[in-house]
Amino acid sequence: MVKDTKLYDLLSVSPSANENEIKKAYRKAALKYHPDKPTGDTEKFKEISEAFDILSDQDKRTLYDQYGLEAARRGGPQFDPGSAGAGGNPFAGGQHPFGGGFSAGDASNIFEQFARSGGMGDDAGGFHFSSSGFDGFGGGSPFGGFGGMPGGFSSGGAGGRASRPEPETAQIKLPVSLEDLAKGTTKKMKLNRKGRNGEKEEKIMNITIKPGWKEGTKINFKNEGDYTPYGRQTVQFILQEKAHPHFKREDNDLIYTLPLTFKESLLGFDKVIESVDGRKIPFSRSSPVQPSSESVYPGLGMPISKSPGQRGDLKIKFKIDYPISLTPQQKQAIRENF
């Protein structure tokens, strides 16, 4: 049950009205009370514009339904330490914190944005827009142009309103294998979150990971976290690269350390290396391998996410298993041949 129905009454809708019903009600009232119309009423126009501003925004509407008009204006319930105890008034303390409350400029900005977005339907034929804003119904607007910031709010001053606080962002680390970062994948995560009334909810999140994304990449899901007085939190997944037994990533390059026996390092070898995306790469040597050397295969590294079709390099380094001891016969053979 809503705490207050004043805003619904201003638009002549019920508290259960959906988004389309609220838009239709505002269009009808705006056409009737706009100050440029013969039936215009500046104060009434301000009131119905503020009602639309709050009821058309789900987060503001929730605050209004639960805590009342001042909570929606302030972006959440505020408690006055001198009066808010048992039975205290959570909105005691006097003036609106933003100074001036909802202004004529706010009302006209909302009306302009609504009309520009096509919200007036066929009735929009009577509106005139110039480069500086709305010019009224064939004449000058009593508000003197609209300017302002997108969304219907002025950028400051005595008549402006500060934006309401944003809900905090809930960060979750998401471990991902190098194989998944190379090929891309979709991860499903079950999210336990708090609902509007504090109840536990479960939400399945489908997280698309694009080929080549790196550790630290952030994936945001707006309005999917716990419910707070300011709306639902943004859930932010932060990619963590899992350690790989053979490969190490350096930017877009892949480093592969190939283990060799002492014999292989001297006489050569034939091997097959499986890359992180499943490709089989033949790799052989017929001459001795220097421990500090490396082989570079251009274009066989990680995909470059910002340059589709391009990849980094695959760099192969060697780890030679030198013997820790030699027999007299082995020592003699080395002396005779080296």
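User: How much of the contact in the protein chain is between residues 24 or more positions apart?
Analyst: Among contacts with a separation of 6 or more in the protein chain, 54% are between residues 24 or more positions apart. Contact means heavy atoms within 4.5 Å.

User: Where do these values come from?
Analyst: This is a predicted model, where local features need pLDDT of at least 70 and side-chain atom pairs count only at pLDDT 80 or more, while totals for chains, interfaces and linings use all residues. Residues are numbered from 1 along each chain as its sequence is written, and side-chain values use heavy atoms, with hydrogens and water left out.

User: How many helices and strands are there?
Analyst: The protein chain has nine helices and 15 strands. Both are DSSP runs numbered from the N terminus: helices are H or I with at least four residues, strands are E with at least two.

User: And how much of the chain is buried?
Analyst: Of the 338 residues in the protein chain, 38% are buried. Buried means under 20% relative accessible area, exposed means over 50%, and partly exposed is in between, with a 1.4 Å probe and protein chains only.

User: Take α2. What span should it have?
Analyst: Helix α2 covers residues 19–33, which is 15 residues, and at 1.5 Å a residue it should span 21 Å. The expected span is 1.5 Å times one less than the number of residues. The end C-alpha atoms of α2 are 21 Å apart, which agrees.

User: Which residues of α2 are buried?
Analyst: I22, A25, Y26, A29, A30, L31 and Y33. For background, an α-helix has 3.6 residues a turn, so residues three or four places apart point the same way.

User: What happens at the start of α2?
Analyst: A side-chain oxygen of N18 comes to within 3.2 Å of the backbone nitrogen of N20.

User: Is S12 buried or exposed?
Analyst: S12 counts as exposed, because its relative accessibility is 66%.

User: Where else is there a positive phi?
Analyst: N223 also has a phi near 60°, and it is not a glycine. N223 is in the loop between β6 and β7 (227–228). With a relative accessible area of 35%, N223 is partly exposed.

User: Back to helices. How do α3 and α4 pack?
Analyst: Helix α3 (residues 42–55) and helix α4 (residues 58–67) pack at an angle of about 105°, with their axes 6 Å apart. Axes are lines fitted to C-alpha atoms, for helices over the stretch in contact, and angles run from 0 to 180 degrees between N-to-C directions.

User: What do you call that arrangement of α3 and α4?
Analyst: The two helices are therefore roughly perpendicular to each other. The labels are: under 35 degrees roughly parallel, over 145 roughly antiparallel, 65 to 115 roughly perpendicular, and the rest oblique.

User: Which residues meet there?
Analyst: D53, I54 and L55 in α3 meet K60, R61 and Y64 in α4.

User: Now sheets. What is the strand order in the one with β9?
Analyst: Three strands form an open sheet in the order β3-β9-β6, with mixed pairing. The edge strands are β3 (169–176) and β6 (218–221), and each pairs on one side only. The twist averages 25° from one strand to the next. Two strands pair if DSSP finds at least two bridges between them.

User: How many bridges join β3 and β9?
Analyst: Eight bridges, in the parallel sense, with β9 covering residues 234–241. Q171 has Q236 in β9 as its bridge partner.

User: And how do β4 and β5 run?
Analyst: Strand β4 (residues 185–194) and strand β5 (residues 200–209) run antiparallel and are joined by 10 bridges. R193 has E201 in β5 as its bridge partner, and K194 stands opposite K200. Five residues lie between the strands of this hairpin, where G198 takes a positive phi near 85°.

User: Last one: which strands stand at the edges of the sheet with β10?
Analyst: Four strands form that open sheet, in the order β10-β11-β15-β14, and the pairing is mixed. β10 (247–250) and β14 (294–297) stand at the edges, each with a single partner strand, so one side of each has no neighbour in the sheet.

Conventions: A polar contact is a pair of N or O atoms within 3.5 Å; within protein, one must be able to donate a hydrogen and the other to accept it, and residues adjacent in sequence count only if both atoms are side-chain atoms.
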